[in-house]
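Trainee: I would like to go through this model with you, one feature at a time. Where shall we start?

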Amino acid sequence: MDLLLKGGILHDPVNGWEGPAEILIKGDRIEAVSLSLGPVEVPVLDLKGKIILPGLVDIHVHLREPGEEGKETIATGCAAAVAGGFTAVACMPNTNPPVDSKEIVSYIKERARQVNLARVYPLGTLTRRLKGQEIAPMWEMAQEGVRGFSDDGRPVMNSGLMLRAMQFALVLGLPVISHCEDLSLSGDGVVHAGVHGYRLGLPVIPAVSEAVMVAREILLQQKVGGKLHLAHISARESVALLRWARESGINLTSEVTPHHLLLTEEAVDYFNTSAKMNPPLRTSADRDALLEALQEGLIEIIATDHAPHRLQEKEADFLSAPFGVTGLETAFPLLWTKIVEQGILSLSELVKCLSTAPANLLGVPGGNLAPGLPADLVVIEPHKEYAVNADKFYSRGQNTPFKDWRLKGFPVLTMVGGDIKMWEGKVKGFNQDFPELKGLFIKQGSK
Amino acid sequence: MLPKDMLSLKDFSLEALQEILQRAAFFKKKDGDVFSSLKGKNIAISFWEPSTRTRISFELAVQKLGGRIINFTPEMSSEKKGENVDDTIKTLQSIGADALVFRHSSPGIFNRVSELVEIPFISGGEGCYQHPTQALLDIFTLIESGVKLSGRQVVMVGDILHSRVARSHFYTFPVFGASLTLVAPPVLLPPELVPPGVNWSYNLEEVLPSGDVVYLLRVQKERQEKGLIPSLGEYAALYGLNEKRVSLLKEDACLMHPGPVNIGIEISSSVIKVFENFYPDRILFQDQVRNGVFVRMAVLDLLLAGRMI
């Protein structure tokens, strides 16, 4: 439907917009953006006191479907996405079966189309069955629409194979996303090799297990020169290597998660499984290095690594509880409250990390509200404070280490392709009382 | 007032620990007397990891206090079959257990499952995390043998990384006033593991002369199989207490080991013989085993009696 957004403050860094704006939406597109559009014959939505941003894009999400629908489905994951202000997500291929053929890619796209909430960009595996032995049919999956390749969760230990997969992805023009972990160094580890993990008597995942693979990927990238993206950087050693890569003119991108920016290994005391993830939470020195890298633009993307699990799985013993935390519904309020309000990044810088840069990496629209582009946007309530309540998540995963954190900046409206998918916490198709939208609007001129 | 459970000695104040030790001394002094503080009580003993001395010592402690034992030892394969710790614990309580003594290989599991029941939960060893009664019986043995802990140096040698005994002693030795020095090859002694105030070294010969107590830890064959060390022989060459290194010991240094001893690895058989024949008061291995019963009697007595009041 056509609509005028009025009274909000727009932050659109690509178009250099940082201030009050009226946005006219026609169909699924942005029609015009201006300080004042004058009288228009469309319904008006008053967004006084709110902030409007390009829709958030998460390039690292586990939607679990097909195969692990008890943890999450494409429907619940997409509801969580729009509830958290994400208009697009790239879903990791470590499903069951893994996304290593055009059939699974098309299944995910079809499900996402039916669900019709966030845009879903499937990623395909690098190797068949995620086994790290043979390169997956990358061309076939590219034809079907994958936006990149990754064996996330299972690093490709064979360097020769990784090199050849990167070379093939170069031809297809798609990014390779590497989960950097040398399994011979991390073994059966479950926590960072730091003071807390060792004292708890738990097997450890040392920072160097990440860093040696970051180094490998950088050197392979120097040779290949395609699109390389390093997932969830967690260690200061890795940051140092990224700096070296930049100084050496090697192009690549990398991401950091909100939990690695905001938490440290302390969060696992005593045996708190909601803080068990891979890579693990590391030291405050690591966290500081990540924050600094983000400020410098050395790490340019924030991704959630949304990894939902059943509650009873996470309530197991620390050794057997699965890795991972949910992220979609907490990411923006966390980053707004702890990163923007603390002055670590400006809002426009955050928008680049959460919207523009990830959209560019995937080669999809997003992160940009220029006229003619899809009307994917999110509206934020910057002042009201709420406690994180996992019981209210749309995600099936309630595994968050941020339970009860008091945060501001919760999204109040998410629009995908001109259609309002979330309004004040209610998701279209998920809440009986999702509002009849006509009632929300005031007609231009009527007061 | 003592805590309900004994999972980690960190939950016990120095005074509480001393109370347990005094009680253990009382039981040892009165050994042979009939006690009845566990009369009519059922103590469930469930070890999900192989053990001889700890389990037997708990069983004997229960019997000496007049209690009954519910012995639940899962088949080593039944855990894989889905034998479930949570269910077992709830079942044992329902069946009428008044306390649980548990051993399990998963660090942190007791934190969680002890919450599932109201009765006292006593750790008989928890993964690489804690082994509280072992630490207590070590302290008891040292005090009994006349070693004042305050101001003394304990040198602990061996597989620190995988040792729940070491992790328990990170609390007990300092709280009783002793200083602790850890010695192991780097792979078994990550610096991050070393608590503040504790010293460490990769070189045994360098620290051996300072030890009033030399506490040897078992190095399992598994460490060689997993490739953490080249071989047990190479470990012994660098960290074993052999005849050459014995000459570095203080004149009155005591030797301890939580058992079972790998003779020829942590300590050579000739060193054991020399000590057993000429300095029997300075090799405390058997005293540790013996005292385990009295210390566990004290723990059971105080944790269960404390709850009756």
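Predicted model: local features only at pLDDT ≥ 70, side-chain atom pairs only at ≥ 80, totals over all residues.

Trainee: Is A:D305 buried or exposed?

Mentor: A:D305 sits in the loop between β15 (301-302) and α11 (311-314) of chain A. Its relative accessible area is 10%. The cut-off for burial is under 20%. A:D305 is therefore buried.

Trainee: What is the phi of A:D305?

Mentor: A:D305 is not a glycine.

Trainee: Where is A:R64, and what is its phi?

Mentor: A:R64 belongs to the loop between β6 and α1 of chain A. It is buried, with a relative accessible area of 8%. This residue is other than glycine, yet phi is positive, near 70 degrees.

Trainee: Which residues does A:T73 contact, leaving aside its neighbours within four places in sequence?

Mentor: A:T73 lies in the loop between β6 (56-61) and α1 (74-83) of chain A. At 10% relative accessibility, A:T73 counts as buried. Its contacts, with those neighbours set aside, are A:L63, A:E65 and A:R396.

Trainee: Chain B has a cis peptide bond too. What is its omega, from B:G259 to B:P260?

Mentor: B:P260 is in the loop between β9 (254-256) and α11 (269-278) of chain B. The bond from B:G259 to B:P260 is cis. Its omega is near -10 degrees.

Trainee: Which residue stands opposite A:V89?

Mentor: Strand β7 (residues 86-91) of chain A pairs with β8(A) in the parallel sense. Four bridges hold that pairing. In β8(A), the residue opposite A:V89 is A:V120.

Trainee: How many residues does helix α7 of chain A have, and what does it reach?

Mentor: Helix α7 covers residues 207-224, which is 18 residues. At 1.5 Å a residue, 26 Å is expected. From first C-alpha to last, it reaches 26 Å.

Trainee: Which residue follows α7(A), and what is its phi?

Mentor: Buried residues within α7(A) include A:A211, A:V214 and A:I218. The residue that follows the helix is A:G225. Its phi is positive, near 75 degrees.

Trainee: Are α7(A) and α8(A) roughly parallel or roughly antiparallel?

Mentor: α7(A) and helix α8 (residues 236-247) of chain A pack with their axes 8 Å apart. Their angle is about 15 degrees. Angles under 35 degrees count as roughly parallel. The two helices are therefore roughly parallel.

Trainee: Is the crossing of α7(A) and α8(A) left-handed or right-handed?

Mentor: Among the residues making the contact are A:A207 and A:V214 of α7(A), with A:L241 and A:W244 of α8(A). The crossing is right-handed.

Trainee: Which residues of α10(A) are buried?

Mentor: Helix α10 (residues 284-296) of chain A has 13 residues and reaches 18 Å. Just after it, A:G297 takes a positive phi of about 80 degrees. The buried ones are A:D286, A:A289, A:L290, A:L291, A:A293 and A:L294.

Trainee: Last one, in chain B. Which residue stands opposite B:I43?

Mentor: Four strands form an open parallel sheet in the order β2-β1-β3-β4 (chain B). Four bridges join strand β1 (residues 42-47) of chain B to β2(B). In β2(B), the residue opposite B:I43 is B:I69.

Key
Residues numbered from 1 in each chain as written. Chains lettered and ligands numbered in written order. Heavy atoms only, no water. Buried < 20%, exposed > 50% of the residue type's maximum accessible area, 1.4 Å probe, protein only. Contact = heavy atoms within 4.5 Å. Expected span 1.5 Å × (residues − 1). Pairing = 2+ DSSP bridges. Axes fitted to C-alpha atoms, helices over the stretch in contact; angles between N-to-C directions. Parallel < 35°, antiparallel > 145°, perpendicular 65-115°, else oblique. Left-handed = near helix turned anticlockwise from the far one by under 90°.
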